[in-house]
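These are my notebook entries on what I looked up, kept in the order in which I went through the topics.

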Amino acid sequence: MNLFLEAVQWLLDPANWAGPNALGLRILEHIGFSAVVVLVAAAIGIPAGTLIGHTGRGRGAIIAITGGARALPTLGLLTIFGLWLGIGLEAPFLALLVLALPPVLAGAYAGVESVDRATVGAARAIGLTERQILMGVELPLAAPVIIGGLRSAALQVISTATLAAYISDTGLGRPIFSGLKTQQYDMMLGGSILVALLALLVELCFQLVQSAAARRAEPHRTQTPASERITA
């Protein structure tokens, strides 16, 4: 309990919020780095996952890849990439990208595949192209599941991005590693508290967005005439 109070005091100390190592700067670095990783994962994973979910091709491969990637230890990958690429952000970026891709891929694939096939068949029956079906029917209905995949990836990346400070001077991992090195455990716990609070904030934001997407998709899922909901 005393250590927790010391960590809170460390967080409230104005000296830790000023200068080149200010906590505000570390928070922005952490958010920016995590956001770039998740955006790149989304740029790769969502198109690939939606294509597989739409066509049904490559299902076995995507399950094997996502399962295998999830089993890889991020710290081990970071060490390997660090020895290969050296000091900097490139190694943690690649390690976290491997961590973020599986949930994004799985969310996009599962979301599109879960769309009612009768709805897709009705869309084809009224003459929509495959692109129109994917963009206008499947993706809007799959949006809650896709956002769920992004939500999972974002939480994992934000929680694990502290490892970036292992080989680079960036993010909220810096006070954690510095506290460990100098045995300033109030600093370590304070940095960990900030990471936990940031993860909770991101979780709340994604939950709101996912709930809004689910409410938007629900009327289209429950409305009976498929042809009407496609042309609406």
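Which residues line the largest cavity? I found T74, L78, P92, A95, L96, T160, A161, L163 and A164 in that lining. I note at the outset that this is a predicted model, in which local features need pLDDT of at least 70 and side-chain atom pairs count only at pLDDT 80 or more, while totals for chains, interfaces and linings use all residues. Residues are numbered from 1 along each chain as its sequence is written, and side-chain values use heavy atoms, with hydrogens and water left out.

**Cavity.** My search of the whole structure gave 1 cavity of 30 Å³ or more, and the largest cavity holds about 30 Å³ of space. A cavity here is a set of points, on a 1 Å grid over the protein atoms alone, where a 1.4 Å probe fits but cannot get out, and lining residues have an atom within 4 Å of a point; the volume is the space filled by probe spheres set on the points, which are joined across faces, edges and corners. Helix 4 (74-85) and helix 5 (90-113) each supply at least two residues of this lining, with the largest share, 3 residues, coming from helix 5. Helices are DSSP runs (H or I, at least four residues), numbered from the N terminus, and strands are runs of E of at least two.

**Pocket.** I then turned to the second largest pocket, which has a volume of about 250 Å³; a pocket is an open set of points with protein on both sides within 12 Å along at least five of seven lines. Its lining includes I31, S34, L150, A154, L198 and F206, and helix 2 (23-55) gives the most to it, with 6 residues. The lining has 11 nonpolar, 1 polar and no charged residues.

**Aromatic pairs.** I found 2 aromatic pairs in the whole structure, a pair being rings of Phe, Tyr or Trp (its six-membered ring) with centres within 6.5 Å, called stacked under 30 degrees between planes, edge-to-face over 60 and tilted for the rest. F81 is buried at 15% relative accessible area, whereas W84 is exposed at 62%; buried means under 20%, exposed over 50% and partly exposed in between (1.4 Å probe, protein chains only). The second pair, Y166 and F177, is also tilted, at 6.1 Å centre to centre and 35° between the planes. Y166 sits in the loop between helix 7 and helix 8 and F177 in helix 8, so the pair ties together parts that are 11 residues apart in sequence. I noted both as partly exposed, Y166 at 44% and F177 at 24%.

**Backbone.** Where does Q183 lie? I placed Q183 in the loop between helix 8 (173-182) and helix 9, with a positive phi near 60° in a residue other than glycine. Most residues other than glycine have a negative phi. Q183 is exposed, at 56% relative accessibility.

How values were computed
Nonpolar A, V, L, I, M, F, W, Y, C, P; charged D, E, K, R; others polar.
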